[in-house]
Amino acid sequence: MNIKIKDQEGVAICHISGEINIDTIAELKKAFKKIIDNKTRKVLLNFEAVDYIDSAGLACLIELSRNLKSVQGIMFLSGLNPKVSSVLSITKLDRVFKIFDTEEEALRNFYGY
Amino acid sequence: MATKDKKSRYFEYEEKIRNSYKDLKRAYEEVQDSYAEMVFRLALVAEYKDDSTGTHLVRIADYSTEIGRGMGLSLKDINYLKYASVMHDIGKLVVPDAILKKASGLTPEEREVIKKHSALGADIFKGSRSALLKVAKVICLTHHERYDGTGYPNGLKGKDIPLFGRIVALADVFDALTSERPYKAAYGFDEAVEMIKGQSGKHFDPDVVKVFLRRKNKIKRIWQATQDIDSFVKEKAHDQPVEA
């Protein structure tokens with residue numbers, strides 16, 4: 001797994017690639033901590049290149065979502081592939097996370113937050 | 001000049017072939033992704049019927065994958081295991097609700113009907129040429145076999161039970177032990193681990209149990225992660241859903 005973060009007008013856009021699983025989440029947690037420490041309040045996770053996410057990975061997203069909420073921040077996801085999308089759907093997380101088809105669409109929806 | 005033309009044509013062809021290969025690879029990956037997606041979504045139908053939660057499926061996939069890694073399976077087999085393991089109970093689709101949802105006191109006849117779900121699940125995948133669905137068939141058919149030969153439907157014994165079936169058997173029982181049911185409370189993590197240990201060589205393959213115990217900490221993290229998912233979803237249940 002690999003994560004690249006860029007700042008675009010106050011939104012931390014995270015391009016994540018590979019498989020997010022129990023063996024790879026340490027790096028993700030480190031990156032998410034840095035985002036919170038940097039006082040970024042808007043986070044977009046671009047999942048276009050994410051192949052799969054397991055339960056440990058989902059718990060990691062929940063942790064980021066909770067941390068952001070505690071500082072009035074917000075997290076969006078975009079570009080889920082069918083496998084990732086079905087995992088979110090069967091765990092019902094698709095009902096609580098804000099998910100967009102594309103990065104552009106997600107960015108447009110940050111206005112107003 | 002002629003040589004130059006030949007060279008540029010060569011590069012042109014090479015580029016075309018490379019692009020065609022990329023397109024083909026992308027198309028193949030899309031088909032594979034769709035297969036995997038359908039497997040998850042179809043499995044969810046059986047879970048709804050059984051009143052289970054979707055996190056049960058994720059746990060089975062993650063426990064099985066973790067054990068598979070520990071058993072030294074190839075990446076390809078680990079991926080088959082990950083997606084096919086969620087189909088283990090698909091045969092329950094054809095078991096009547098009145099039996100499946102009965103909280104307790106099943107008659108011996110009703111128990112026999114429930115037991116049929118392994119063979120019925122395998123029937124669904126019979127004749128498939130897909131490697132993934134072939135693994136799903138094996139898992140459906142053998143995840144209730146027991147190492148000592150007292151399982152069903154065929155009473156297979158020891159290593160005659162395919163490895164995929166031996167792995168999912170443990171993952172499924174461990175998940176059942178740590179989950180609440182209408183007729184029982186959930187056992188604690190450590191208590192359930194001890195129960196699995198006690199069944200080494202009886203219900204479960206001792207080699208699979210060994211790997212499970214060696215990877216206990218990771219199994220606990222998976223268990224904990226799915227508890228977090230369930231409580232987060234419950235917590236948010238009253239929030240207004242946001243239309244994307």
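**Figure 1. Strand S1 of chain A in the predicted model.** S1(A) covers residues 2-8. Of its seven residues, zero are buried, so the strand lies largely in the open. A residue would need 20 or more other C-beta atoms within 10 Å of its own to count as buried.

**Figure 2. Pairing of S1(A) with S2(A).** The partner strand, S2(A), takes in residues 11-20. S1(A) and S2(A) run antiparallel. Seven bridges join them. Which residue of S2(A) stands opposite Lys4(A)? It is His15(A). In a regular strand, side chains alternate between the two faces of the sheet.

**Figure 3. The turn of the hairpin in chain A.** Two residues lie between strands S1(A) and S2(A). Glu9(A) has a positive phi in this hairpin. The value is near 50°.

**Figure 4. Helices of chain B.** Chain B holds 11 helices.

**Figure 5. Dimensions of chain B.** The C-alpha trace spans about 90 × 50 × 35 Å along its principal axes. The radius of gyration of chain B is 22 Å. For a compact globule of 244 residues, the value would be near 18 Å.

**Figure 6. Burial and contacts in chain B.** Chain B has 244 residues, and 34% of them count as buried. Consider the contacts with a separation of 6 or more. Residues 24 or more positions apart account for 64% of these contacts in chain B.

Notes. Residues are numbered from 1 along each chain as its sequence is written. Chains are lettered from A and ligands numbered from 1 in the order in which they are written. This is a predicted model: local features need pLDDT of at least 70, side-chain atom pairs count only at pLDDT 80 or more; totals for chains, interfaces and linings use all residues. Helices (H or I, at least four residues) and strands (E, at least two) are DSSP runs, numbered from the N terminus. The radius of gyration is taken over C-alpha atoms; the globule rule is 2.2 Å times the number of residues to the power 0.38. A residue is buried if 20 or more other C-beta atoms lie within 10 Å of its own, exposed if 12 or fewer, and partly exposed in between; C-beta atoms are placed from the backbone. Two residues are in contact if their C-beta atoms, placed from the backbone, lie within 7 Å. Two strands pair if DSSP finds at least two bridges between them.
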